[in-house]
Amino acid sequence: MKLEDFPEPIQSRLLPRPEGEMRYRCLGCKGETGIDRLLYTCPECGSVLMLYDRTFDRLLKIDGKEWRKIFDYRRMLNHQALKGIFRYYEFIAPVIPLERIVYLGEGQTPLVEANGRLKDLVGLDFYFKSEGLNPSASFKDRGMACALSFINDFVRKEKIDKILAVCASTGDTSASAALYSSYLGDFISSAVLLPQGKVTSQQLAQPLGSGAKVLEIPGVFDDCMKVVETLAETYQVALLNSKNSWRILGQESLSFEIAQDFDYQVGDKVVALPIGNAGNITAVMSGFLKFLKAGVITSLPKIVGVQSEQADPVYRYYLEEKDPKRSFVPVAVKPSVAQAAMIGNPVSMPRVIETVREYNRSAGEKKVFVVQVKEQEIMDAMIIANRNGNVACTQGGEAMAGLKRAVEKGFTRPGDIGVLDSTAHMLKFLTFQEMYFQNGFAPEFKVKPREDLKNAPLLVKPSTLDQFPGAGKPLRGDAMKRFIDETAVEIAEILGLQKR
Ligand SMILES: *Cc1c(COP(=O)(O)O)cnc(C)c1O
Ligand SMILES: [Zn+2]
């Protein structure tokens, strides 16, 4: 719809102008810094940063009902910059001019109701938020769209003509970083560091296809991360890891969308998501908190973070019920099918600790839970989700297994409705589906496929035939007729078909 066709009073609100005042705030020393520099850690104490809008309270002048209307009308507005995550511009990064926003189709992903069989299995009504339908096929595009939009504006303001973007990745960050960087190829080039052999071939293909420099390093993600941090401290590069707090802002859009998807009724929702570096869970909580503050929503949903037993530092941290007694200990990860979350020392842990406190405080009760699931449960859940009309990756399976665990543990109430963050597309994690179907897991994964869930193609080639069609060598006449008839008979036998 064209701007002039919207009702008069809303027109002036639909195209926002930059007016926020964003600042980096250090979670260690609480110091603040302006955004006129590319910063990833505190220049004073080295801790992680969060970005906040010092003038956020100006948003409170518009009441919640009005905000809801603005977002609902924006849904109908055809404006490139506002089609994705920046529908919620004022709440994300209201300092980036609309003409600098990079939109590659991210965000506004489908919310798909789970079918009856899945609901029975999990023990709760729930929906999939299909993040695999983002342009690089994972939710990482939300954060990358924000980070690259900021850089797009930054380099022009600072008159920088060439910049190298780098990241370490368990696969999906690099796919996303390479994709967005390639769009801005005039002045951005990208290099990604991957743990050798620890990303799927599909994930490796993505940055290669986008033209990024792909560097493989021995070790696991946590090792790559240390190398990248040293690079960012020592050389002129733009870091696109989740240390980059612009990404967290972009990822907050997931919670804004979930709110809008449910007409802003989220008090009875339970959002389940896998935890790796913990950027996503931080962003989702932080987004809901902003919407609550502005009255866009009136109560907070429960949050269920899920970790595999093979990589569970956040779960272990919250095992201690008493906050003052908790202490964070990184773990050495073991192989996990939830490879994108196979992280022993999450970059965003300080963010999680602070945000969970604020979340529970604002909710007036404990609303954040972390559960642990087994590798077997993750794999079974992924395969089952996809046998019921979804396109979940292993981490989506992890979220589903985790939602089930939360129900079993009594963290949910009857009538609650689950929302699964199905973080990436199943096609990115084909390797694990293959291992499942072929019983090919190395022993350390501890996964045995369920016979009833295995699947494999069957070659139909009747032994009664001696001639078969081939490319450029079609069969003709009688030979063709025999081939069709006998193949059909064999298929009918396999499928147990009855004659008409
Ligand atoms: C990155 C990623 C995760 C983990 O998210 P964090 O923000 O690192 O906690 C989960 N699933 C997929 C598919 C991912 O790419
Ligand atoms: Zn500091």
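## Ile-62

Apart from residues up to four places away in sequence, Ile-62 touches Arg-13, Trp-67, Ile-70 and Ala-294. This description concerns a predicted model. Ile-62 sits in the loop that runs between strand 3 (49-53) and helix 2 (64-74).

With a relative accessible area of 15%, Ile-62 is buried, because buried means under 20%. Val-296 is 234 residues away from Ile-62 along the chain, and the C-alpha atoms of the two are separated by 9.9 Å.

## Zinc site

Which protein atoms are the donors of the zinc ion (ligand 2)? They are the SG atoms of Cys-26, Cys-29, Cys-42 and Cys-45, lying 2.3 Å from the ion. Along the chain, these donors follow the spacing C-x2-C-x12-C-x2-C. The angles subtended by the four donor atoms around the zinc ion (ligand 2) are 97 to 116°, so the arrangement is tetrahedral. The criterion behind that label is that all angles lie between 85 and 135 degrees.

Cys-29, at 39% relative accessibility, counts as partly exposed.

## Ser-138

Ser-138 belongs to the loop between strand 5 (125-130) and helix 5 (140-157). Is Ser-138 buried or exposed? Its relative accessibility is 1%, so Ser-138 counts as buried.

Setting aside neighbours within four places in sequence, the residues in contact with Ser-138 are Glu-131, Gly-132, Asp-172, Thr-423, Ala-424 and Lys-428.

## Leu-204

Leu-204 is part of helix 7 (residues 201-209). At 23% relative accessibility, Leu-204 counts as partly exposed, because the buried class ends under 20% and the exposed class begins over 50%.

Once neighbours within four places in sequence are left aside, Leu-204 is in contact with Leu-194, Val-199, Val-214 and Glu-216. The C-alpha atom of Leu-204 is separated by 45 Å from that of Lys-481, a residue 277 places apart from Leu-204 along the chain.

## Helix 14 and helix 15

Helix 14 packs with helix 15 (residues 394-408) at an angle of about 105°, and their axes are 7 Å apart. Helix 14 is therefore roughly perpendicular to helix 15, a term that covers angles of 65 to 115 degrees.

On the helix 14 side, the residues that meet helix 15 are Glu-377, Ile-378, Met-379, Ala-381, Met-382, Ile-384 and Ala-385. On the helix 15 side they are Thr-394, Gly-397, Glu-398, Met-400, Ala-401 and Arg-405. By residue type, this contact of helix 14 with helix 15 divides into eight nonpolar, two polar and three charged residues.

## Helix 14 and helix 16

At what angle do helix 14 (residues 375-386) and helix 16 (residues 430-437) pack? The angle is about 100°, with the axes of helix 14 and helix 16 11 Å apart. Helix 14 and helix 16 are therefore roughly perpendicular to each other.

Helix 14 contributes Gln-376, Met-379, Asp-380, Met-382 and Ile-383 to the contact, while helix 16 contributes Phe-432, Gln-433, Tyr-436 and Phe-437. The residues of the contact of helix 14 with helix 16 comprise six nonpolar, two polar and one charged. Met-379 and Met-382 of helix 14 take part in the contact with helix 16 and also meet helix 15.

Terms used: Residues are numbered from 1 along each chain as its sequence is written. Chains are lettered from A and ligands numbered from 1 in the order in which they are written. This is a predicted model: local features need pLDDT of at least 70, side-chain atom pairs count only at pLDDT 80 or more; totals for chains, interfaces and linings use all residues. Side-chain values use heavy atoms; hydrogens and water are left out. Helices (H or I, at least four residues) and strands (E, at least two) are DSSP runs, numbered from the N terminus. Buried means under 20% relative accessible area, exposed over 50%, partly exposed in between (1.4 Å probe, protein chains only). Contact means heavy atoms within 4.5 Å. Donors are N, O and S atoms within 2.8 Å of the metal (3.2 Å for Na, K and Ca); water is not among the atoms, so sites may look incomplete. Four donors count as tetrahedral if all angles lie between 85 and 135 degrees; four count as square planar and six as octahedral if opposite donors are over 155 degrees apart and all others between 65 and 115; anything else is irregular. Axes are lines fitted to C-alpha atoms, for helices over the stretch in contact, and angles run from 0 to 180 degrees between N-to-C directions. Angles under 35 degrees count as roughly parallel, over 145 as roughly antiparallel, 65 to 115 as roughly perpendicular and the rest as oblique. Ala, Val, Leu, Ile, Met, Phe, Trp, Tyr, Cys and Pro count as nonpolar, Asp, Glu, Lys and Arg as charged, and the others, Gly among them, as polar.
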